[in-house]
Amino acid sequence: MSGIVGYIGKRNAQPILLDSLEHLDYRGYDSAGIAISNGTTIEKRRSVGRVKDLRTCILREPIPSGTIGIGHTRWATHGTPSVQNSHPLTGCDDRFLVVHNGIIENYTALKRSLKKQGHVFKTDTDTEVIPHLLEQYDTGDFETTVQAILPLLRGSFALAMMSREHPNMIIAVSQDNPLIIGFGKGEAYLASDIPALLPYTREFYPIKNNEMAILTLGKVQLKTYDGISVEPKRVTVDWNVQDVLFPDQDHHMLKEILEQTKAVEETLKGRLTPVGVKLPEIEAPWSKERVQNISKIHIVASGTSYHAGIIGKKVLEQLLQIPVQVSFSSEFRDDHPPLDDRDLIIVLSQSGETADTLSALREAKRFGCPVIAITNTVGSTISRKADNTLYTKAGPELAVASTKAYTSQLTVMMLLALWLEQQIRDTHDEYSQALLESLTRLPMDIDSTLIMTKDAIDQLAQITYDQEHLFLIGRGLDYVLALEGALKLQEVAYIHADAYAAGEMKHGTMALITPGVPVIALATQTHLMDKVISNIKEVKARDAFVIGITKIGEDLLTEEVDQVLYIPETHPFLMPILAAIPLQLLAYYSGTVRGHDVDRPRNLAKSLTVE
Ligand code: F6R
């Protein structure tokens with residue numbers, strides 16, 4: 001997962017490329033590079049590290065100004081992070097410059113055959129085959145040369161390419177890998193996602209499979225690989241540019257945690273009515289009969305979205321009495337139960353671009369299953385491939401660790417479960433009626449949770465300064481929450497945090513409990529409280545330092561733990577949304593106290609467009 005940008009117009013390309021790359025560096029920050037054309041010659045600069053390192057490199061060795069260019073920020077897949085392996089990459093004679101996101105799966109075979117034809121490779125990347133192929137198949141016309149090589153490439157790839165012999169042109173393609181064209185007045189932009197271009201435009205076109213975009217001064221042409229012209233149907237987004245500018249808070253992650261009240265409020269807006277849930281996006285295609293015909297639901301997602309999926313499963317099963325299976329996207333594609341058109345697939349993805357989830361979606365479609373996507377990204381590949389899409393309205397999420405998108409996904413899962421229940425039973429029982437009512441108060445409860453826990457967690461995080469291990473325990477929904485809390489602590493605080501179903505500790509893991517080891521006990525579900533308290537007693541008996549997270553008024557638990565954090569009480573299904581907040585804050589403050597770059601954790605990237 002790397003980030004790609006491009007610009008062609010009348011303005012100086014350098015600041016536009018560098019600024020847009022900075023917005024994309026959540027996609028990878030191993031190295032960065034740009035190439036700029038002044039209409040006659042093209043110059044490139046590349047640097048290991050982040051875009052700021054590339055800026056320093058350009059300060060040392062300025063690049064002649066020009067109004068056309070491409071850029072890249074890399075998350076290394078093939079080849080170490082080095083200047084040599086940084087994009088833009090060129091072939092034997094530097095004629096073509098290529099930036100690439102994705103993986104060319106057949107690059108070994110292509111490289112072998114190109115080597116036989118005399119091509120000399122300088123890098124360990126899969127990408128390098130592309131400029132060599134362009135040289136090999138060069139017709140003298142840039143467009144037909146690109147057309148000639150595209151059928152040879154297998155895998156998922158987004159590419160922006162320049163040719164020194166055609167320095168007034170950029171050609172871009174997007175095969176199962178996002179690349180967006182942004183439209184300005186007499187100018188055009190390219191970027192791997194929409195937020196990177198929000199400072200310049202709100203009008204976009206996501207390039208589709210088998211399409212190539214030919215960008216020349218004042219003109220954007222779109223053609224199929226066979227050369228047939230296509231009219232780009234532009235989408236306009238209403239995201240605010242302020243959302244992607246650097247936050248008042250120290251980090252995007254903290255800003256996004258604090259934005260959850262608004263994110264959930266926006267996600268609920270217009271969808272809760274006095275008579276139930278309204279989801280116009282799926283109302284027409286999903287008649288009552290069709291919903292009633294569903295035999296099984298499969299939720300497919302990765303990482304944090306997968307955790308939202310497990311909570312979704314518990315809610316859907318209870319409200320609908322239909323079996324629900326949750327699978328990691330990366331597993332589902334190769335290992336799934338029998339499927340047919342009565343299996344509803346729900347894919348969850350903040351970015352809407354995760355390659356594993358996209359593959360799982362395709363696999364489900366192969367069996368004729370209807371697919372509903374829940375995503376935060378308008379126009380994303382997953383939203384386009386699914387039959388219907390429900391958007392979370394969290395706004396752009398830029399920190400690598402997902403926070404506001406997660407709580408917004410859970411909110412949409414609740415809405416979807418309630419809506420499906422309406423279709424099946426025409427009415428809500430007392431329990432789901434209570435859920436509906438609690439949803440109306442959810443933004444307020446999130447606000448209270450932030451107020452009640454933020455400073456306390458900041459203090460508490462200090463104890464994690466020199467901890468290497470931490471355990472999170474819970475039962476039922478609290479166990480799922482523990483999984484998400486552990487993931488957050490691993491990715492931003494680099495703490496070996498593990499989540500356990502509280503009742504399972506005694507079956508093995510208790511051997512790891514040593515005096516003073518921090519254990520976070522999640523206890524938000526009233527019907528499980530007695531059992532969790534027993535489990536807390538067990539770890540306390542081994543001298544663990546236990547921090548309880550529970551609802552206001554749970555005094556019995558308070559007596560058992562070393563420290564307690566209270567959150568407001570709401571419907572049991574919504575407790576994981578509130579309780580996720582102190583865990584996110586803990587990961588954030590632990591990460592910062594331990595001196596890590598919480599927005600850009602090591603070895604990670606946000607939008608994982610490779611499998
Ligand atoms: C963790 C995190 C990741 C993502 C995962 C799926 O904080 O952000 O685990 O949840 O990579 O990403 P999406 O939801 O974009 O498919």
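Trainee: How do the residues of the shell around the ligand divide into nonpolar, polar and charged?

Mentor: The model is a predicted one. In it, 14 residues surround the ligand, with S305, S349, S351, T354 and E491 the closest. By class, the shell has three nonpolar, nine polar and two charged residues.

Trainee: Which helix supplies the largest share of the shell around the ligand?

Mentor: Two helices, α10 (303-320) and α16 (477-493), each give at least two residues to this shell. The largest share is three residues, and the helix that provides them is α10.

Trainee: How far is an oxygen atom of the ligand from an N or O atom in the side chain of E491?

Mentor: Side chains of the shell make polar contacts, for which the cut-off is 3.5 Å. For S305 the distance to a ligand oxygen is 2.6 Å, and for a polar side-chain atom of S349 it is 2.7 Å. For E491 the distance is 2.3 Å.

Trainee: What percentage of the area that the ligand exposes when taken alone does the protein bury?

Mentor: Taken alone, the ligand exposes 410 Å². The part of this area buried by the protein is 91%.

Trainee: Where does the second largest pocket lie, relative to domain 1 and domain 2?

Mentor: This pocket has a volume of about 440 Å³. Its lining counts 20 residues, and D238, W239, E266, K393 and G395 are nearest its centre. Because domain 1 (3-243) and domain 2 (246-428) both contribute lining residues, the pocket lies between them.

Trainee: Which helix gives the most to the lining of the second largest pocket?

Mentor: The lining has six nonpolar, five polar and nine charged residues. Three lining residues come from the helix that gives the most, spanning residues 260-268, which is α7.

Key
Residues are numbered from 1 along each chain as its sequence is written. This is a predicted model: local features need pLDDT of at least 70, side-chain atom pairs count only at pLDDT 80 or more; totals for chains, interfaces and linings use all residues. Side-chain values use heavy atoms; hydrogens and water are left out. A residue is near a molecule or strand if one of its heavy atoms lies within 4 Å of it. A polar contact is a pair of N or O atoms within 3.5 Å; within protein, one must be able to donate a hydrogen and the other to accept it, and residues adjacent in sequence count only if both atoms are side-chain atoms. Accessible areas come from the Shrake-Rupley method with a 1.4 Å probe; for residues, only the protein chains shown count as cover. Helices (H or I, at least four residues) and strands (E, at least two) are DSSP runs, numbered from the N terminus. Ala, Val, Leu, Ile, Met, Phe, Trp, Tyr, Cys and Pro count as nonpolar, Asp, Glu, Lys and Arg as charged, and the others, Gly among them, as polar. On a 1 Å grid over the protein atoms alone, a cavity is a set of points where a 1.4 Å probe fits but cannot get out, and a pocket is an open set with protein on both sides within 12 Å along at least five of seven lines; lining residues have an atom within 4 Å of a point. Grid points are joined across faces, edges and corners, and a volume is the space filled by probe spheres set on the points. Domain bounds come from an automatic or database domain assignment.
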